[in-house]
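Trainee: Let's go through this model. Start with the ground rules, please.

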Amino acid sequence: MENLKYETKSIWDKADSKQQKIMHDYAKKYIKFISENKTERECVQAVYARLQEAGFGDDLKKDKYVAVLHNKSLFAVRKGKKNLSEGFRLVTAHCDSPRLDFKQHPLLESVGIAQAKTHYYGGILKYQWLARPLALHGVVVKKDGEAVNIVIGEKASDPVFTISDLLPHLAKEHVAQTVTKAFEAEKLNLVIGHIPFPKKGKEKLESPIKLQVLKLLNKKYGIVEEDLLSAEIQVVPAGDARFVGLDQGLVGGYGQDDRICVFTALDAFLEVEKPEYTTAIMLWDKEEIGSEGTTGASSRFLEYCMQDVISAWAPKATMRQVMLAGKALSADVHAAIDPDWQELHEKLNSSTIGYGPTICKFTGSGGKYGANDAHPEYIAWLRNVFAEKEIPWQMAALGKVDHGGGGTVALFLAVYGMNTIDIGPSLIGMHSPFELSSVADIYYTKEAYKAFYGA
């Protein structure tokens with residue numbers, strides 16, 4: 001009678017010392033990846049380099065093809081044994097993460113401090129970004145088209161930046177406000193300097209601290225203030241990701257939503273070298289702000305790439321025929337039950353960290369608005385794929401009904417009629433500057449994507 005019941009189990013209960021070492025070693029590689037790649041540009045550049053090393057290029061006459069759009073989105077595909085008209089396997093992930101962006105006119109000076117004005121990107125809790133070390137990552141493009149990459153705050157010898165917080169002695173009225181009112185977006189100003197530009201004699205300088213900041217930027221990068229108008233500078237948490245806990249069973253770090261899926265999907269894609277069906281990986285930008293723009297999932301980049309591939313590899317097939325036969329995974333993270341906020345989850349339908357990658361039948365909010373709702377036939381097919389490879393997994397929904405919600409890129413894949421579902425590891429503290437993931441979930445997410453690619 002016990003076989004009639006279904007119960008998810010912790011991966012750690014079944015993992016022996018050998019398996020734990022495999023998972024831990026894989027997590028080390030993952031930590032290096034997310035520590036080095038904190039923006040979508042850096043992420044795409046790193047993925048592109050790995051694909052090139054594996055023999056991918058821009059020649060569709062060959063069996064391995066990769067295309068990059070505006071340095072922020074990437075598509076790669078490997079020809080399978082079966083004709084493309086019989087379908088393909090696609091895993092998509094997004095490489096952007098919540099952060100703070102420099103405004104176009106960022107620099108100001110007041111009461112002995114130079115600051116940079118910012119505009120937050122994506123869903124953040126503003127207070128989490130105060131009174132912590134922050135770094136600058138980005139690109140400045142000069143009028144002549146020269147691109148200058150900037151990374152400050154990651155080396156031990158680098159200075160870091162911060163956003164000052166209000167001292168408790170003066171916060172009597174402040175702490176009585178709601179979180180939304182207490183933490184104003186226009187006060188997320190980054191501290192970037194304090195020493196004024198040296199004066200000559202009785203010379204009077206306007207904004208001397210700001211001038212000193214500009215001098216230092218010009219000396220190191222050859223840029224002037226006007227160049228910031230065509231810049232994309234992101235403020236991110238400084239420092240590397242780390243193992244968390246005495247047992248090192250967790251990974252803590254910035255940008256795990258969704259670079260954890262980028263890393264695991266790329267490895268799975270590269271490890272399946274001779275697939276039956278054509279395999280593809282798609283990395284998108286702008287998911288955190290609704291997947292808009294030229295590099296978001298609502299753009300036509302995937303469609304253009306597939307049209308090119310069909311023309312080269314299956315000229316007798318139609319776009320409609322190929323897309324309808326495709327199977328896709330929207331690789332995105334899920335929210336695990338937080339031990340301190342268990343009341344916000346409906347536990348029967350929530351994920352537990354360390355229990356394997358989480359399948360989410362639908363996202364959206366309220367009455368499933370803004371969601372792709374996967375078909376039971378596809379879920380059953382995926383269950384069988386994982387069962388054959390003994391992949392641990394769980395199924396969950398995002399919080400209690402009417403208590404929130406979220407979205408992924410799944411609905412942008414569903415418009416083509418292909419079967420699509422969300423799957424990825426669950427995080428604690430999602431969208432915070434220091435998200436937590438399980439070492440076990442990281443490894444088995446890669447194994448789940450690998451099983452999908454090989455099915």
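Mentor: Accessibility classes come first. Buried means under 20% relative accessible area, exposed means over 50%, and partly exposed is in between, with a 1.4 Å probe and protein chains only. This is a predicted model, where local features need pLDDT of at least 70, side-chain atom pairs count only at pLDDT 80 or more, and totals for chains, interfaces and linings use all residues. Residues are numbered from 1 along each chain as its sequence is written, and side-chain values use heavy atoms, with hydrogens and water left out.

Trainee: Is Trp-381 buried, exposed or partly exposed?

Mentor: Partly exposed, because its relative accessibility is 24%.

Trainee: What about Phe-452?

Mentor: Buried, because Phe-452 has 0% relative accessibility.

Trainee: How are the rings of Trp-381 and Phe-452 arranged?

Mentor: Their centres are 6.1 Å apart and their planes stand at 85°, so this pair is edge-to-face. Rings of Phe, Tyr and Trp (its six-membered ring) pair if their centres lie within 6.5 Å; planes under 30 degrees apart count as stacked, over 60 as edge-to-face and the rest as tilted.

Trainee: Which parts does that pair tie together?

Mentor: Helix H8 (residues 376–388), with Trp-381, and helix H10, with Phe-452, so the linked parts are 71 residues apart in sequence. Helices (H or I, at least four residues) and strands (E, at least two) are DSSP runs, numbered from the N terminus.

Trainee: At what angle do H8 and H10 cross?

Mentor: Roughly 110°, with the axes coming within 9 Å. That makes H8 roughly perpendicular to H10. Angles of 65 to 115 degrees count as roughly perpendicular, under 35 as roughly parallel, over 145 as roughly antiparallel and the rest as oblique. Axes are lines fitted to C-alpha atoms, for helices over the stretch in contact, and angles run from 0 to 180 degrees between N-to-C directions.

Trainee: Which residues make the contact?

Mentor: Tyr-378, Trp-381, Leu-382, Val-385 and Phe-386 from H8, and Ala-448, Ala-451 and Phe-452 from H10. Contact means heavy atoms within 4.5 Å. The residues divide into eight nonpolar, no polar and no charged. Ala, Val, Leu, Ile, Met, Phe, Trp, Tyr, Cys and Pro count as nonpolar, Asp, Glu, Lys and Arg as charged, and the others, Gly among them, as polar.

Trainee: And where do the axes of H1 and H10 stand?

Mentor: H1 (residues 17–36) and H10 (residues 439–454) have axes that come within 9 Å and cross at roughly 85°. H1 is therefore roughly perpendicular to H10. The residues of this contact divide into 10 nonpolar, two polar and one charged.

Trainee: New topic. How many residues are in the largest nonpolar core?

Mentor: There are 59, and Leu-51, Leu-329 and Phe-386 have the most contacts inside it. H10 gives the most to this core, with 10 residues. A nonpolar core is a set of buried Ala, Val, Leu, Ile, Met, Phe, Trp, Tyr and Cys residues joined through side-chain atoms within 4.5 Å.

Trainee: What does Leu-51 touch?

Mentor: Leaving out residues up to four places away in sequence, its partners include Phe-56, Leu-266 and Phe-269.

Trainee: How many aromatic pairs does the structure hold?

Mentor: It holds 13. In one, Phe-56 and Phe-269 have ring centres 5.5 Å apart and planes at 40°, so the pair is tilted. Phe-56 lies in the loop between helix H2 (40–53) and strand E1 (64–69), and Phe-269 in helix H5 (residues 256–271), so parts 213 residues apart in sequence are tied together.
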